[in-house]
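The following note sets out several points on the structure shown below.

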Amino acid sequence: MAAHRKPRQRSLGGNTARTAVTLALAGAATATAFEGTGNAEPQLTPAQVKAKVDKLYQEAETATQRYDGAKERTEATQRRLNSLQDEAARRQQRLNTARDALGSVAAAQYRDGAIDPSWQLALSSDPDRYLDGAALAERVDDRQAEAVARVREQLREIEQLRGAARVELKSLRSRQAEVRRHKQTVTAKLAEARRLLARLTPPERTWITGDAAGHASRSASDARAALAQAGSVPSGPRAAAAVAYAYQKLGSPYVWGATGPNAFDCSGLVQAAYRSAGISLPRTTYAQINAGRRVSRSQLQPGDLVFFYSGISHVGIYIGAGRMIHAPNPSAPVRVAPVDEMPFAGATRVT
């Protein structure tokens, strides 16, 4: 019977080995090429960059309004905490004074030796005078009891103030953390928008951000001339003053969280304009929209506040002829723009 021998395996050599190595290297290069293609950032058109940047700015504006609101609440909490601490310090001083007075009385009694009243009467050379003095002493004791009661009440009041201060301090720390979170959101959105804009050519960036000149003069007289030319009448003298202030701030930079006098975010500009006219407005867009009487778009008059987006995250000051002055975003300064530039959400008249 023939022996079954194991087939002899042929070694890879010569052309066969070279072919295998070449195929392996080609496969690795192809895989690397595909991997690089998968990780490469797609090239966006200017229109796509504009859409992304606009969305980032809107999200940043929403976060800015939340930041502004949280910062305003933080400042109010800090003021309440300072007031509580000041009042507690004043009461502590009064308590220390009252304690010192009680301590002086106690020391005097100790030095007198606290002799039994019957013996004091027996040993007195003038019993009538002693009895008068004893009555006075009883009244003094009554006053001491009242003083002790007042000290105890002051202690309770101080402890209540300190308890309230502890609550406010806890609230303050929570609000400070909220401010930091919103600040991180804003800065991240704006950094991403800057990164996208940096990939464009200067003409493309200008197309996205628009004319930075503001389209208007910054003088109050030109503001009145513009209103007259548009055939628009402000809703009152304070509205006219607010519009004039906004005209004077054309070209001022947008800085999120700023309320002037040299830089603004959107709600900061509105607040500053009406503050100059003697009207105090809330800090945020979603509070400003409720600060006056709602008006329809067809009823708009110069000085009315116009709001945009479903979340009420942007605001401008209407100046007539379908235009407004607003602080748009970090890529553009305070400027004149058409009201239909953004999705209209409502309007408020505060005068």
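1. Strand 3 and strand 4. In this predicted model, strand 3 (residues 314-320) and strand 4 (residues 323-326) are antiparallel and are joined by 3 bridges. Within this pair, Gly320 of strand 3 has Arg323 of strand 4 standing opposite.

2. Strand 6 and its two partners. Strand 6 (residues 344-349) is linked to strand 1 (residues 293-295) by 3 bridges, and the two run antiparallel. Here Val295 is placed opposite Ala347 of strand 6. Strand 6 is also antiparallel to strand 2 (residues 305-308), to which 4 bridges connect it. In that pairing, Leu305 has Thr348 of strand 6 as its bridge partner.

3. Helix 7. This helix (residues 237-248) comprises 12 residues and spans 17 Å from its first C-alpha to its last, which is close to the 16 Å expected at 1.5 Å a residue. Its buried residues are Ala239, Ala242, Val243, Ala244, Tyr245, Ala246 and Tyr247.

4. Packing of helix 7 on helix 8. Which two quantities describe a pair of packed helices? They are the angle between the axes and the distance between the axes. For helix 7 and helix 8, the angle is about 125° and the axes are 8 Å apart. Helix 7 is therefore oblique to helix 8. The contact involves Arg238, Ala239, Ala241, Ala242 and Tyr245 from helix 7, together with Ala272, Ala273, Tyr274 and Ser276 from helix 8. The crossing of helix 7 past helix 8 is right-handed.

5. The buried residues are Cys266, Ser267, Gly268, Leu269, Val270, Gln271, Ala272, Ala273 and Tyr274. Just beyond the end of helix 8, Gly278 adopts a positive phi of about 90°.

6. Gln271. Is Gln271 buried or exposed? Gln271 has a relative accessible area of 13% and is therefore buried, the limit for that class being under 20%. This residue lies in helix 8. Not counting residues up to four places away in sequence, Gln271 touches Thr259, Leu281, Pro282, Arg283 and Gln288.

7. Val49. This residue is part of helix 2 (residues 46-112). Val49 has a relative accessibility of 3% and so counts as buried. Which residues does Val49 contact, leaving aside neighbours within four places in sequence? They are Leu44, Leu196, Leu200 and Ile208. Val49 and Leu196 are 147 residues apart along the chain, yet 6.5 Å separates their C-alpha atoms.

Definitions and conventions. Residues are numbered from 1 along each chain as its sequence is written. This is a predicted model: local features need pLDDT of at least 70, side-chain atom pairs count only at pLDDT 80 or more; totals for chains, interfaces and linings use all residues. Side-chain values use heavy atoms; hydrogens and water are left out. Buried means under 20% relative accessible area, exposed over 50%, partly exposed in between (1.4 Å probe, protein chains only). Two strands pair if DSSP finds at least two bridges between them. The expected span of a helix is 1.5 Å times one less than its number of residues. Axes are lines fitted to C-alpha atoms, for helices over the stretch in contact, and angles run from 0 to 180 degrees between N-to-C directions. Angles under 35 degrees count as roughly parallel, over 145 as roughly antiparallel, 65 to 115 as roughly perpendicular and the rest as oblique. A crossing is left-handed if the near helix is turned anticlockwise from the far one by less than a right angle, and right-handed if clockwise. Contact means heavy atoms within 4.5 Å.
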